[in-house]
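Work through the exercises below with the model open beside you. Try each task before you read its solution.

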Amino acid sequence: MNNTIQQQAIHPNEYEQASNGYLMAIVAVIGGLPLPIINLIASFGYYLAKRKASYFVRWHAIQAVLAQLILVPFNSLAWAWTLGTFIKSGRFLLEHSHDGRNHLWPLLEALTTPYIIYMSFIILFNTFEFFAVMYTGARVRKGHNVRWFLIASITDRLCSKEKRDIYNI
């Protein structure tokens, strides 16, 4: 992340609006933790609600959406892998549940080393992203323009500098 202070005159209310985009992602992470797409939908919904706001607010809303968009493929793969593992183990349990033996071992065998490594990576990646979003939201609320590495340049290209602030005269 690259921190630079915004040089333009920005209304103090816009700092709060811009940081709310990141706050929306944090609330969605807490509420939609089992489903990775919920975070993206919440951030995109906030962007749609603020698309006529000032450039500063729109820019940070887009950056929040892109931050969530990066997580989606990783979380979706983890979600699919976990779901496939549970379905396969559940099918085995249904087929062998009548023989009277304990079938806990096939459930534990489904947790392979690559699965555990990938899930550890996903947990660390999501934790890092969660705290980075919290940090960014707090810094933006205090008036700093936090630019994420790689995402900021994409955000610059996506966000139009056209003046859309309906409250600015």
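**Exercise 1: A charged pair**

Task: Is Asp156 buried, partly exposed or exposed?

Solution. Step one: Asp156 has a relative accessibility of 31%. Step two: compare that value with the cut-offs (buried is under 20% relative accessible area, exposed is over 50%, partly exposed is in between, with a 1.4 Å probe and protein chains only). Step three: Asp156 therefore counts as partly exposed.

Before going on, note the ground rules. This is a predicted model, in which local features need pLDDT of at least 70, side-chain atom pairs count only at pLDDT 80 or more, and totals for chains, interfaces and linings use all residues. Residues are numbered from 1 along each chain as its sequence is written, and side-chain values use heavy atoms, with hydrogens and water left out.

Task: Which side chain meets Asp156 in a salt bridge?

Solution. Step one: recall the rule (a side-chain nitrogen of Lys or Arg within 4 Å of a carboxyl oxygen of Asp or Glu). Step two: the partner is Arg147, at 2.5 Å from N to O. Step three: count such pairs; the structure holds one salt bridge. Side chains of opposite charge can pair when their charged atoms come close.

**Exercise 2: The fold and its confidence**

Solution. Step two: from the N terminus on, read β-α-α-α-α-α-β-α.

Task: Which element has the highest mean pLDDT, and which the lowest?

Solution. Step one: pLDDT is the predictor's confidence in each residue, from 0 to 100. Step two: the chain averages 80, and 78% of the residues score at least 70. Step three: helix H5 (residues 113-141) is highest at 91, while strand E1 (residues 2-5) is lowest at 49.

**Exercise 3: A nonpolar patch**

Solution. Step one: list the members: Leu35, Ile37, Ile38, Ile41, Trp79, Leu83 and Ile87 form a surface patch of about 610 Å². Step three: check one member. Ile87 is found in helix H3. Its relative accessible area is 45%, so Ile87 is partly exposed.

Note on methods. Helices (H or I, at least four residues) and strands (E, at least two) are DSSP runs, numbered from the N terminus. Patches are made of residues with over 30% relative accessible area and no salt bridge: like charges are joined within 9 Å, nonpolar side chains (Val, Leu, Ile, Met, Phe, Trp, Tyr) within 5 Å. Accessible areas come from the Shrake-Rupley method with a 1.4 Å probe; for residues, only the protein chains shown count as cover.
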